[in-house]
12 protein chains.
Amino acid sequence: MDRHRKSFLVLHGPNLNLLGSREVGIYGSLSLAELNNLLLGEAEKLGVKLDCYQSNSEGDLIDQIHDAPGKYHGIIINPGAFTHYSIALRDALAGVNIPAVEVHLSNIYAREEFRRHSVIAPVVRGQISGFGPWSYFLALRVLNDLDD
Amino acid sequence: MDRHRKSFLVLHGPNLNLLGSREVGIYGSLSLAELNNLLLGEAEKLGVKLDCYQSNSEGDLIDQIHDAPGKYHGIIINPGAFTHYSIALRDALAGVNIPAVEVHLSNIYAREEFRRHSVIAPVVRGQISGFGPWSYFLALRVLNDLDD
Amino acid sequence: MDRHRKSFLVLHGPNLNLLGSREVGIYGSLSLAELNNLLLGEAEKLGVKLDCYQSNSEGDLIDQIHDAPGKYHGIIINPGAFTHYSIALRDALAGVNIPAVEVHLSNIYAREEFRRHSVIAPVVRGQISGFGPWSYFLALRVLNDLDD
Amino acid sequence: MDRHRKSFLVLHGPNLNLLGSREVGIYGSLSLAELNNLLLGEAEKLGVKLDCYQSNSEGDLIDQIHDAPGKYHGIIINPGAFTHYSIALRDALAGVNIPAVEVHLSNIYAREEFRRHSVIAPVVRGQISGFGPWSYFLALRVLNDLDD
Amino acid sequence: MDRHRKSFLVLHGPNLNLLGSREVGIYGSLSLAELNNLLLGEAEKLGVKLDCYQSNSEGDLIDQIHDAPGKYHGIIINPGAFTHYSIALRDALAGVNIPAVEVHLSNIYAREEFRRHSVIAPVVRGQISGFGPWSYFLALRVLNDLDD
Amino acid sequence: MDRHRKSFLVLHGPNLNLLGSREVGIYGSLSLAELNNLLLGEAEKLGVKLDCYQSNSEGDLIDQIHDAPGKYHGIIINPGAFTHYSIALRDALAGVNIPAVEVHLSNIYAREEFRRHSVIAPVVRGQISGFGPWSYFLALRVLNDLDD
Amino acid sequence: MDRHRKSFLVLHGPNLNLLGSREVGIYGSLSLAELNNLLLGEAEKLGVKLDCYQSNSEGDLIDQIHDAPGKYHGIIINPGAFTHYSIALRDALAGVNIPAVEVHLSNIYAREEFRRHSVIAPVVRGQISGFGPWSYFLALRVLNDLDD
Amino acid sequence: MDRHRKSFLVLHGPNLNLLGSREVGIYGSLSLAELNNLLLGEAEKLGVKLDCYQSNSEGDLIDQIHDAPGKYHGIIINPGAFTHYSIALRDALAGVNIPAVEVHLSNIYAREEFRRHSVIAPVVRGQISGFGPWSYFLALRVLNDLDD
Amino acid sequence: MDRHRKSFLVLHGPNLNLLGSREVGIYGSLSLAELNNLLLGEAEKLGVKLDCYQSNSEGDLIDQIHDAPGKYHGIIINPGAFTHYSIALRDALAGVNIPAVEVHLSNIYAREEFRRHSVIAPVVRGQISGFGPWSYFLALRVLNDLDD
Amino acid sequence: MDRHRKSFLVLHGPNLNLLGSREVGIYGSLSLAELNNLLLGEAEKLGVKLDCYQSNSEGDLIDQIHDAPGKYHGIIINPGAFTHYSIALRDALAGVNIPAVEVHLSNIYAREEFRRHSVIAPVVRGQISGFGPWSYFLALRVLNDLDD
Amino acid sequence: MDRHRKSFLVLHGPNLNLLGSREVGIYGSLSLAELNNLLLGEAEKLGVKLDCYQSNSEGDLIDQIHDAPGKYHGIIINPGAFTHYSIALRDALAGVNIPAVEVHLSNIYAREEFRRHSVIAPVVRGQISGFGPWSYFLALRVLNDLDD
Amino acid sequence: MDRHRKSFLVLHGPNLNLLGSREVGIYGSLSLAELNNLLLGEAEKLGVKLDCYQSNSEGDLIDQIHDAPGKYHGIIINPGAFTHYSIALRDALAGVNIPAVEVHLSNIYAREEFRRHSVIAPVVRGQISGFGPWSYFLALRVLNDLDD
């Protein structure tokens with residue numbers, strides 16, 4: 001963990017690797033690679049380091065969260081479908097001592113009933129939902145500025 | 001509505017006039033006047049116009065929303081307790097044709113069960129919850145940058 | 001209250017002032033002023049007096065209901081979003097001793113789940129839902145003819 | 001189907017043949033024959049043709065609905081107890097392409113909890129509840145005047 | 001209706017014609033004809049007249065109930081599966097002015113969850129459940145002796 | 001336990017000692033002593049022995065049930081309010097190996113919602129509800145005649 | 001029942017006679033007669049006998065099921081709207097001793113909430129849903145091949 | 001706020017201005033003015049100052065509560081229908097730092113299901129329900145005597 | 001029952017004998033004996049007779065209630081944990097013809113979810129909750145003054 | 001309470017006196033006396049004192065718990081059916097200041113739905129369920145070893 | 001993806017590798033290898049290519065689904081226990097643009113309550129449940145023949 | 001699998017690798033390595049073999065369970081967050097034929113509502129919850145001693 005530069009971890013949950021090809025009406029036509037590039041650009045502007053990681057495996061994401069303390073100053077997580085039932089992911093976030101922000105590309109509260117409940121939200125700093133890639137940008141900004 | 005400068009309306013719902021004196025552990029010690037000043041400062045930086053309005057009355061807030069089209073390019077609303085039951089406020093936001101962002105100072109998903117449900121969220125652009133005054137700043141930024 | 005001519009009060013609830021501009025697919029393109037004019041025309045045909053009142057404020061509507069006895073022979077109310085949660089409005093209607101009819105422009109039973117329940121319906125004479133302006137016309141007719 | 005005169009079908013559901021003798025406090029003392037006569041009188045005034053049919057059998061009512069297109073311009077249906085559970089009746093109404101209006105003699109929203117839900121309402125044009133025989137008269141009027 | 005001899009109607013609901021061949025473990029090996037014979041024997045002992053009727057059709061059963069007043073002093077009804085959802089049958093029993101007793105061969109409260117609720121029970125005199133043919137015998141006896 | 005004569009235990013649950021003075025509209029004006037006398041008369045007619053016991057204490061009733069095997073051929077129980085929540089009473093009845101019949105003076109399915117559910121019913125032979133003292137008489141008869 | 005050739009009964013529930021004209025977007029444009037012809041063609045290919053029957057009446061369908069044993073080796077049933085509430089139909093299928101397969105033209109699990117629950121499914125051999133006429137073909141094939 | 005004499009605020013919620021004329025069977029025949037006079041008499045006996053305020057508007061009541069600190073030593077509130085849904089009123093009471101007591105004229109737990117739940121109760125000192133005007137008198141007494 | 005002096009029965013439910021030692025943060029440090037003494041002092045001031053009784057047994061409390069008519073003019077009952085499930089206690093209070101008041105030391109509406117529901121409240125005159133010993137004092141006062 | 005030797009109280013709830021004769025398939029054939037002997041043997045091995053007590057009465061069990069402090073170092077309780085509804089028992093355990101362990105012979109989570117919820121569990125140290133007599137042995141061991 | 005020959009992917013979810021050894025009463029004695037061989041035989045008869053894959057890892061199955069487009073013309077999936085909660089799997093199927101069929105060996109609607117709900121079903125073409133290996137064969141056939 | 005020495009598998013679910021650093025107030029300060037060492041010490045005392053395995057991946061844990069038969073005599077599993085939703089894990093345990101015991105460090109019944117339900121419990125031998133490392137020790141002991 002660089003003393004002189006903040007670093008953050010961006011975690012993309014299951015199916016986000018399909019971004020740009022999957023349900024474009026809801027998620028937009030940006031691919032995950034393009035989204036990550038935009039995020040890296042934003043990070044550069046803010047002078048912070050950023051690592052991006054996507055996995056379809058709950059276990060992999062939990063491992064990444066466990067490894068984060070000491071390496072990152074904060075986590076931006078889009079838990080995808082895990083948002084709605086993965087108590088294991090929730091416990092992982094609650095178990096490590098670094099701030100996390102939950103983001104969603106779409107407004108999850110304007111979708112199917114079962115998508116309106118997050119088991120993750122109670123253990124993160126805050127939640128940003130509905131602004132497409134901007135959800136991530138705002139999370140990056142708030143993680144960088146909070147607690148300074 | 002100024003053609004050359006964007007303008008936004010900030011609506012604070014019931015009891016937010018108590019900010020700084022009420023349940024400081026949850027909402028922080030910033031007063032509403034101070035929060036508004038900070039918001040105006042942010043707006044100035046972004047080169048946008050901002051009006052702030054607080055009311056404890058559902059009808060007043062609805063009237064403000066009805067008057068917004070033609071005057072503002074967007075609405076930032078912290079519906080306070082109305083978040084959880086004011087379908088009239090929801091209908092007002094759905095009935096006018098300008099983007100709105102719902103904000104909350106505290107993480108409403110980490111509080112009492114009845115605070116975890118928003119009847120407003122399905123009709124706004126997105127929701128930002130849990131970052132104190134930063135929730136408003138992020139909303140301002142995203143409203144300004146979206147759809148440009 | 002005119003002894004020789006019946007008079008009725010039409011109450012329009014929150015957001016009905018947006019009629020004609022709001023969600024035209026659901027509510028039609030008639031403005032509230034036009035609807036009121038049509039209603040006054042119908043009233044004239046029936047030889048009855050009619051007053052129309054719209055408010056976005058629950059308290060205002062309750063005040064109007066409290067003032068109705070002695071002035072009106074009946075109330076036609078479209079409670080708008082208050083249909084679904086305003087027990088105060090319900091108690092106001094139950095508390096005054098004049099017949100009331102609940103009307104809705106759209107068929108509330110063909111819309112979102114939360115719009116299918118009326119807390120008002122159990123205390124009115126009857127409910128008419130789904131016929132656009134005709135919902136009001138029918139209510140006027142039935143109030144005029146009932147109990148003669 | 002007469003080109004020059006509109007014709008409508010009135011369907012009375014189960015137990016409505018008991019009208020006038022059954023639970024008079026709720027349904028009034030008018031018999032079904034008397035109600036039908038009144039309806040025919042109203043129809044005559046409006047210059048429309050009217051057929052009335054009562055059955056205690058779900059299948060019979062569905063058959064009548066299936067036969068209606070080409071013979072009638074609209075259906076007035078009091079589904080009686082079928083209101084609350086006959087999805088087959090609902091599907092029959094949704095499956096034929098003529099407007100229908102659901103009527104109830106009593107205000108079903110002021111009765112037992114299980115009577116406050118209609119599986120029929122979402123597929124009809126509108127619902128009129130609580131005005132005794134007037135519920136039917138209003139339905140006749142609105143069917144006749146709508147879409148002219 | 002014989003002035004000098006009481007007469008009762010026994011109504012068997014859907015699938016009771018299968019008695020003796022259907023789910024013998026639950027309902028026993030007695031056929032419906034045999035059950036009816038036993039019932040007629042019991043009736044003879046008590047000096048009362050008895051008619052037995054079975055139908056798989058809700059409408060038929062309702063028609064029988066509507067015809068009962070003036071012909072019978074009481075009804076014994078085993079509504080079979082209609083017990084759990086036929087509000088139309090319930091309304092028929094509530095609509096005629098003669099006492100009825102609901103019977104069940106098996107103990108419906110010791111079976112599947114959905115069989116433990118009767119929509120019929122609130123409108124009958126009482127319910128007897130779980131004693132095989134004896135459920136009917138007891139109903140016959142109590143109908144005969146009550147209100148003498 | 002008499003080899004030559006069947007004997008049964010009648011258990012009256014809490015508040016049944018108030019019979020005749022309590023809520024007479026629901027339970028009738030017969031006192032518990034009078035009810036017991038009538039029951040003893042019925043028993044005598046049938047040539048069976050009968051013991052009656054009333055208690056307001058759940059523990060006492062359970063003790064009586066535990067003592068019943070070897071002394072009685074069956075139990076008639078009116079669990080009173082325990083019907084709705086005493087799983088301990090249920091377990092007692094399920095734990096001893098003699099047939100039991102649950103009786104209720106009033107039709108519990110025509111009363112308050114919370115009285116319509118019996119935790120006892122699933123473990124008894126059958127249930128008789130709604131016939132006043134006759135509920136007990138029928139239970140006595142069916143216990144005596146079953147399994148002969 | 002032909003010893004040398006298997007025979008099956010196809011039961012179409014309420015409103016399926018409207019096939020081809022009703023909600024074509026969901027059910028396709030094939031008429032019931034055409035569907036039956038296709039099914040007879042498939043049956044011929046498989047060398048089995050097939051009878052098709054449609055009714056809008058619950059009682060009729062139950063009667064057909066009761067008559068099936070001895071005449072048919074299996075039943076293919078599309079219960080239509082009865083899928084969701086006809087416990088009487090369920091009991092009829094459970095009461096006869098021949099295998100049955102439940103079919104649906106549309107994927108009932110992708111439709112309204114109330115269509116996602118089948119009271120029939122627990123008592124049939126299996127369920128096939130969502131493949132249009134193919135749902136029937138597959139059912140025919142599996143009934144023919146199973147238990148050989 | 002008088003140093004030498006305690007002062008209290010009595011808040012009457014929506015429809016309480018109808019007292020004496022509305023649903024007299026439930027609320028009694030005392031008018032609001034008479035109730036206030038009785039309360040002022042009680043206050044005089046106790047040597048305390050009392051202000052009474054009624055409003056049908058949620059926003060007005062919230063404003064009164066916000067103004068109370070520094071003026072009053074405690075609040076007696078009968079929230080009327082707001083009891084059951086006004087989270088904004090609850091937040092107002094929780095947001096000011098003076099003790100409050102919730103009162104109800106009728107026993108809300110013996111009325112309709114929806115009246116048995118108070119969203120206000122968790123944030124007040126205590127609740128007194130069911131004693132007519134005495135509910136207020138007791139609240140006055142306990143506010144005056146507590147914490148002395 | 002003394003003609004010249006009113007007498008009341010105070011019933012303390014289960015675990016109230018632990019008062020002063022149990023969960024002092026919630027219930028205060030006053031012992032049950034001290035509370036009873038304070039109550040007797042209050043009674044003396046009011047010139048009424050008072051008997052206090054505590055039991056951990058539901059049956060004992062029911063017996064006390066049954067014995068109350070003729071001995072006492074009213075009952076003050078703190079049902080403790082029985083508040084939430086003892087329908088037998090409720091029936092006892094409903095079965096005797098003397099006024100009762102339910103009291104709670106703590107504000108049960110500010111505690112665990114399962115403590116916010118009283119099965120007792122619907123059958124008593126009123127309920128007082130949240131004022132420590134003052135809950136009893138107020139109950140005593142209101143019982144003494146009501147119906148004079 | 002012996003300073004030199006730990007002593008524990010074993011409480012057996014309702015119907016456990018039937019052990020060995022009741023539902024042997026679930027609870028095993030060991031009688032309560034035999035279970036107690038085994039427990040005393042285990043206690044002797046561990047050098048601790050043990051008292052065993054069984055009651056079918058909620059009040060008795062509460063009294064035993066109230067008497068435990070000063071006499072015992074811990075409580076092992078099998079609440080039997082009280083597990084599922086006795087909030088009074090829960091409050092008793094929460095009200096005394098000694099550790100308790102809840103045990104069950106059978107695995108309550110593999111039985112009827114209503115047996116899967118314990119109102120006791122939240123106030124004890126831990127719960128051991130499903131190991132027959134071994135559930136008690138483990139509880140004894142853990143009470144003895146914990147907090148040493 | 002072969003232009004001249006269709007190819008399909010068969011996905012077996014968690015625990016299906018235990019087939020033949022696990023709960024044989026429910027799933028049959030066929031091993032997964034044997035099932036796959038049968039499936040390959042069926043595929044050969046139909047002239048299509050087939051790949052079979054089993055995994056106990058949600059992430060692996062999602063990866064397989066993501067890789068399917070371009071390689072396969074359709075997916076047959078038995079989601080095993082994931083059927084009931086894996087929204088991530090659902091999103092994966094919804095996110096790729098090839099038809100899928102959900103299959104189950106056992107009739108999931110005749111098993112435990114929690115197995116009767118599929119979160120997968122709303123996003124697949126159809127569902128086949130209850131026919132053992134035949135469920136797969138039918139799925140293969142329908143995938144091959146549909147949309148030709 | 002050693003014939004002469006029993007061997008057991010200890011499975012630690014997601015986030016248990018954080019033991020000692022995560023939410024120490026709930027889980028204690030012992031690390032997973034230290035816990036495993038203690039367990040190995042206990043095993044040595046009992047003369048049994050023990051393997052310990054931790055994974056954050058549901059699939060890995062399922063694989064371990066599938067491999068257990070033939071290698072181990074029993075499984076001790078702390079499913080962590082999977083306790084509450086992993087039906088796949090449940091099916092794995094139900095699918096292999098060796099006894100398993102579910103353990104929890106904390107008393108899951110004294111924590112958040114969603115942690116009080118275990119989908120695993122119905123398929124294991126028993127559950128031990130709330131005793132810290134002792135939960136594992138007790139499980140080891142009971143697995144070793146049962147069925148000898």
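A crossing of two helices is called left-handed if the near helix is turned anticlockwise from the far one by less than a right angle, and right-handed if clockwise. Helices, for their part, are DSSP runs of H or I of at least four residues, strands are runs of E of at least two, and both are numbered from the N terminus.

The structure on display is a predicted model, in which local features need pLDDT of at least 70 and side-chain atom pairs count only at pLDDT 80 or more, while totals for chains, interfaces and linings use all residues. Residues are numbered from 1 along each chain as its sequence is written, chains are lettered from A and ligands numbered from 1 in the order in which they are written, and side-chain values use heavy atoms, with hydrogens and water left out.

**Confidence**

The model as a whole scores ipTM 0.93 and pTM 0.94.

**Chain H: helices α2 and α5**

Select residues 32-46 of chain H, which form helix α2, together with residues 133-145 of chain H, which form helix α5; the axes of the two helices come within 10 Å and cross at roughly 30°. Axes here are lines fitted to C-alpha atoms, for helices over the stretch in contact, and angles run from 0 to 180 degrees between N-to-C directions. Because of that angle, α2(H) is roughly parallel to α5(H) (under 35 degrees counts as roughly parallel, over 145 as roughly antiparallel, 65 to 115 as roughly perpendicular and the rest as oblique). The crossing of α2(H) and α5(H) is right-handed.

Now show the side chains where the two helices are in contact, meaning heavy atoms within 4.5 Å: L35(H), L38(H), L39(H), E42(H), A43(H) and L46(H) of α2(H) meet P133(H), Y136(H), F137(H), L140(H), R141(H) and N144(H) of α5(H). The residues of this contact comprise 9 nonpolar, 1 polar and 2 charged, where Ala, Val, Leu, Ile, Met, Phe, Trp, Tyr, Cys and Pro count as nonpolar, Asp, Glu, Lys and Arg as charged, and the others, Gly among them, as polar.

**Chain F: helices α3 and α4**

Move to chain F and select residues 58-67, helix α3, and residues 87-95, helix α4, which pack at an angle of about 5° with their axes 9 Å apart. The helices α3(F) and α4(F) are therefore roughly parallel to each other. From α3(F), the residues E58(F), L61(F), I62(F), I65(F) and H66(F) make the contact with A88(F), L89(F), A92(F) and L93(F) of α4(F), and these residues divide into 7 nonpolar, 1 polar and 1 charged.

**Between the chains**

For chains without contact, select F and G, whose nearest C-alpha atoms are 21 Å apart, and then E and L, whose closest C-alpha atoms lie 20 Å apart.
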